[in-house]
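Biologist: I would like to learn how to read helix packing from a model. Could you take me through some cases?

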Amino acid sequence: MTESGSTPVLTKTLAGAGTDRGPGGPGGGRSRRTPAGLVTPLRGLAGLTGLVALLEVLPRTPLVSADYLPPASKTAEALWQLLDEDAFWTALGDTLTGWGLGLAVAVVAGVVAGIVIGSVPLLRAVTASTIEFLRPIPSVALIPVAVLLYGTDLRSKLLLVVYAAFWQVLVQVLAGMQDVDPVADDTARSYRLGTWGRVRYVMWPTALPYVMTGVRLAATVALVLTITAELVIGAPGLGNQIAVAQTSGAVPLVYALVLVTGVLGVTINLMARAVERRALHWHQSIRREGRAP
């Protein structure tokens with residue numbers, strides 16, 4: 001047999017013997033590998049289990065006093081009791097209300113302002129210095145102003161949340177508007193598309209990935225400011241319950257409430273990412289992520 005005639009046979013033999021998927025492999029044609037989609041959750045579960053074990057053992061050693069860091073079992077017990085209280089669910093509803101309303105106002109205002117400013121070069125040049133001056137101001141610095149204006153009312157919480165989340169959205173929308181292809185914009189003008197037409201068919205598809213990034217960042221920042229406002233101002237919510245538990249010396253309850261806020265933050269982030277993938281299913285970054293092994 002010639003060399004050219006033996007090449008397919010040799011290639012097929014090596015392909016089958018070199019993996020555990022081939023008929024000659026040790027798996028007998030069945031893969032023994034862990035599915036790629038399960039690797040990350042299993043690693044995360046292992047890390048979480050290790051952290052819980054550490055928090056259970058560490059307070060029982062001389063290194064840390066259980067008065068300041070109770071065992072994980074005590075925190076879980078306090079959390080279980082907390083879930084059975086109506087006051088907890090009322091506080092959770094107050095937190096979610098302030099977070100949701102503040103985020104909605106910030107997103108709408110940030111998107112509208114970003115599109116208007118970004119689509120008019122002169123307006124962007126005029127407002128650039130003002131944006132760069134106001135954006136770095138910490139939202140917590142406005143707490144005295146919020147208390148003076150609205151006391152411990154929901155509006156004081158909304159003031160802090162909207163101010164913090166608004167800049168996250170606005171900056172991303174402005175970046176998206178700046179990334180618009182000038183050739184595509186000139187082409188739209190040559191076809192005599194109006195301002196609304198250019199925004200809808202040229203600017204918005206380019207800016208949408210930036211918008212979704214801004215919304216995802218704003219959702220997390222809004223939750224942080226919501227809890228901070230409740231903790232410092234005393235507005236109703238989970239933050240207020242944390243402050244009351246800390247004042248009364250209920251240490252396990254404090255850690256249980258902190259755990260709830262952490263779970264809430266993770267849930268919000270996962271939901272924001274799911275919405276982002278849904279809205280950008282056509283974008284190449286999301287399609288590439290779906291094809292990744």
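Modeller: Buried means under 20% relative accessible area, exposed over 50%, partly exposed in between (1.4 Å probe, protein chains only). Helices (H or I, at least four residues) and strands (E, at least two) are DSSP runs, numbered from the N terminus.

Biologist: What are the ground rules?

Modeller: This is a predicted model, where local features need pLDDT of at least 70 and side-chain atom pairs count only at pLDDT 80 or more, while totals for chains, interfaces and linings use all residues. Residues are numbered from 1 along each chain as its sequence is written, and side-chain values use heavy atoms, with hydrogens and water left out.

Biologist: At what angle do the axes of H9 and H10 cross?

Modeller: Axes are lines fitted to C-alpha atoms, for helices over the stretch in contact; angles run from 0 to 180 degrees between N-to-C directions. Under 35 degrees counts as roughly parallel, over 145 as roughly antiparallel, 65 to 115 as roughly perpendicular and the rest as oblique. Here H9 (residues 195-232) and H10 (residues 238-247) cross at roughly 40°, with axes that come within 6 Å. H9 is therefore oblique to H10.

Biologist: Is that crossing left-handed or right-handed?

Modeller: A crossing is left-handed if the near helix is turned anticlockwise from the far one by less than a right angle, and right-handed if clockwise. H9 and H10 make a right-handed crossing.

Biologist: Which residues of H9 and H10 meet?

Modeller: Contact means heavy atoms within 4.5 Å. From H9, Ile227, Glu230 and Leu231 meet Leu238, Gly239, Asn240, Ile242 and Ala243 of H10.

Biologist: How do H4 and H11 cross?

Modeller: The axes of H4 (residues 86-119) and H11 (residues 251-279) come within 13 Å and cross at roughly 40°. That makes H4 oblique to H11. The crossing is right-handed. Phe88, Leu92, Thr95, Leu96 and Trp99 in H4 meet Leu257, Val260, Leu264 and Ile268 in H11.

Biologist: Is valine 211 buried or exposed?

Modeller: Valine 211, in helix H9, is buried, at a relative accessible area of 5%. Leaving out residues up to four places away in sequence, valine 211 touches Val111, Val173 and Trp204. Its C-alpha lies 7.5 Å from that of glycine 176, 35 residues apart along the chain.
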